[in-house]
Amino acid sequence: MTISDAAFSCSVSDEPLSHADSAIGIIISRNIRITNRTSDSNSMWGGRFADGPSSIMREINASIPFDKKLWQQDIRASLAHVAMLAECQIIEAEDATRIIRGLNQIAEEFGAGEIAEDLDLEDIHMHVEARLTEIIGPVAGRLHTARSRNDQVATDFRLWVRDAMDQVDAGLLALQNALLDRAEEHAESILPGFTHLQSAQPVTLGHHLMAYFEMFARDRSRFADARQRLNESPLGAAALAGTGFPIDREKTAAMLDFDRPTANSLDSVSDRDFALDYLMAATQCSLHLSRLAEELVIWASQPFGFVDLPDSYSTGSSIMPQKRNPDAAELVRGHSGRIAGAMQALVMTMKGLPLAYSKDMQDDKPPVFEAHDLLGLSIAAMTGMVQEVAFRTDRMRALAESGFATATDFADWLVREAGLPFREAHHVTGAVVAMAEEAGCGLADLELSRFQSVDERVTEAVYDVLSVDASVASRSSYGGTAPVQVRAQIVAARQKLAGEN
Ligand code: ARG
């Protein structure tokens, strides 16, 4: 059977087929032939497999439905390997040339359309080799000299994860730039800063947005760090013990843009730290995205009313016409759960595996692929929302002014100007806040005599610190919320990003 005979497109056909074409047979039987063969040893679950245990094995063994994603990496690594084999005179240059031509043709074919899947050919490595054999004949078999699928998959997957890390980095850079632009626009806008989600002290919106800039900067550094560790070539470790052929691992490493070959062949074929590093960094990044998403959900709610989410990232309700739901933000929040779940899945797969390769490790790919898709979408959606969200700064300011958010400023004033110990100032402030609360007004609205009824050392000058503007302007310590500090942070951040190029 050729690969193309087993095209996945056959899966929807309900023509009875010969089950000699096993890949198709499994698919057909899964979709259509739900029989009830109670006399089988597999009576509980075997009915759907027309061919019995061998087709079950074929299906559980095959990774092509998901590892076809690695086709470009597989061909790239094979090109490097065959070039090295020829340069080291392990195979004839003429054979290498034919193999290279064949591989390039396969790259064109796979690039142009669907890869025809055949469960009998298990994985992408066998699919490429089988197609190569069809194109150039038995000489294709020389490609697999001095290598095994074990070092092959470890190499392909590293190449894929490295690309994935680069894509995440580019996405996060765009998100950082979006945050910088909005932070600059709102370096002076004031909103209540919260602790325990209770109004605490006024902060600037630019400062709040720059907090996320810092988180995504750390995420990028985690991916960069993981990328550096990943960047060693396992190719040439062969099945587990290395090879007796005089290969040149430095050469293949350089051709694949790895920094160096890995040092231990057993570790090379059984190490999936790079995938876990990716998933752990992705999980941490998705937590940051989820926290920002949560803020947008809260801010978009009517009681807050801090933002109007753009139509492009919201949906309406089919029954309540007034509603505009923050679906994109909610899904970014939700996706973080799935990304953390993918990380857990690979952690549990790897736990307790003895050296070297075990087939369990084939399960490394689906969680990484899933997490990467989800993370990429989440970053893109968040970047769009940050760029397009409308901040209702009037509403933010009104809430900052209403929540006694400048109580700490009053206490600090008592310490600084009236010489009270902070604990006493805290006590006096509590009494003044209670008074304002009872009067139903803000601190700045209380008459001086009311302040003096609590502590006679309060003077007219106190009003200078009771406004939210005075409050934020005063917090000009390094990293503080004062507009002057925020602008300095933005300038430094822009310089840092420019320096990366
Ligand atoms: N499809 C396999 C994987 O993803 C390739 C390695 C198979 N090696 C083996 N010895 N069976 O892990």
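Colleague: Where in the chain is the place of Ala356?

Modeller: In this predicted model, Ala356 is found in the loop between helix 12 (327-350) and helix 13 (365-388).

Colleague: What makes the peptide bond from Leu355 to Ala356 worth a remark?

Modeller: Its omega is near 0°, and the bond from Leu355 to Ala356 is cis. Most peptide bonds are trans.

Colleague: Is Gln89 buried or exposed, and how do you know?

Modeller: The relative accessibility of Gln89 is 71%. Exposed means over 50%, so Gln89 counts as exposed.

Colleague: What is the phi of Glu122, and where does Glu122 lie?

Modeller: Glu122 is not a glycine, yet its phi is positive, at about 55°. Its place is the loop between helix 5 and helix 6 (124-136).

Colleague: What about Ser148: where is its place, and what does Ser148 touch?

Modeller: Ser148 is in the loop between helix 6 and helix 7. Leaving aside residues up to four places away in sequence, Ser148 touches Ala238 and Ala239.

Colleague: Why are helix 7 and helix 11 called roughly parallel to each other?

Modeller: Helix 7 (residues 149-185) packs with helix 11 (residues 273-300) at an angle of about 20°, and their axes are 10 Å apart. Angles under 35 degrees count as roughly parallel, so the two helices receive that description. The crossing of helix 7 with helix 11 is left-handed.

Colleague: Which residues make the contact, and how do they divide by class?

Modeller: Helix 7 contributes Ala154, Phe157, Arg158, Val161, Ala164, Met165, Val168, Leu172 and Leu175, while helix 11 contributes Phe274, Ala275, Tyr278, Cys285 and Leu289.

Colleague: How do you know how helix 8 packs with helix 20?

Modeller: Helix 8 (residues 205-230) and helix 20 (residues 483-500) have axes 10 Å apart and an angle of about 25° between them. Against the limit of under 35 degrees, this makes helix 8 roughly parallel to helix 20. Helix 8 passes helix 20 in a left-handed crossing.

Colleague: Which residues are in that contact, and of what class are they?

Modeller: From helix 8 come Gly206, His207, Met210, Phe213 and Arg220; from helix 20 come Val486, Gln489, Ile490, Ala493, Leu497 and Glu500. The contact of helix 8 with helix 20 has six nonpolar, three polar and two charged residues.

Colleague: How many aromatic pairs does the structure hold?

Modeller: There are ten aromatic pairs. One of them is formed by Phe157 and Phe369, 6.2 Å centre to centre with 85° between the planes.

Colleague: What makes the pair of Phe157 and Phe369 edge-to-face?

Modeller: Ring centres within 6.5 Å count as a pair, and planes over 60 degrees apart count as edge-to-face. At 6.2 Å and 85°, Phe157 and Phe369 form an edge-to-face pair. Phe157 is in helix 7 and Phe369 in helix 13, so the pair ties together parts 212 residues apart in sequence. Phe157 is buried at 0% relative accessible area, and Phe369 counts as buried at 4%.

Colleague: Why is the pair of Trp160 and Phe369 given its class?

Modeller: Their ring centres are 4.7 Å apart and their planes stand at 65°, so this pair is edge-to-face. Trp160 in helix 7 and Phe369 in helix 13 are 209 residues apart. Trp160 has 11% relative accessibility and counts as buried.

Colleague: Which residues do the ring pairs link into a cluster?

Modeller: The cluster consists of Phe157, Trp160, Phe274 and Phe369.

Colleague: What can be said of the chain as a whole?

Modeller: The chain has 20 helices and eight strands, and 50% of its 501 residues are buried. Of the contacts between residues at least 6 apart in sequence, 73% join residues at least 24 apart.

How values were computed
Residues are numbered from 1 along each chain as its sequence is written. This is a predicted model: local features need pLDDT of at least 70, side-chain atom pairs count only at pLDDT 80 or more; totals for chains, interfaces and linings use all residues. Side-chain values use heavy atoms; hydrogens and water are left out. Axes are lines fitted to C-alpha atoms, for helices over the stretch in contact, and angles run from 0 to 180 degrees between N-to-C directions. Helices (H or I, at least four residues) and strands (E, at least two) are DSSP runs, numbered from the N terminus. Angles under 35 degrees count as roughly parallel, over 145 as roughly antiparallel, 65 to 115 as roughly perpendicular and the rest as oblique. A crossing is left-handed if the near helix is turned anticlockwise from the far one by less than a right angle, and right-handed if clockwise. Contact means heavy atoms within 4.5 Å. Buried means under 20% relative accessible area, exposed over 50%, partly exposed in between (1.4 Å probe, protein chains only). Ala, Val, Leu, Ile, Met, Phe, Trp, Tyr, Cys and Pro count as nonpolar, Asp, Glu, Lys and Arg as charged, and the others, Gly among them, as polar. Rings of Phe, Tyr and Trp (its six-membered ring) pair if their centres lie within 6.5 Å; planes under 30 degrees apart count as stacked, over 60 as edge-to-face and the rest as tilted.
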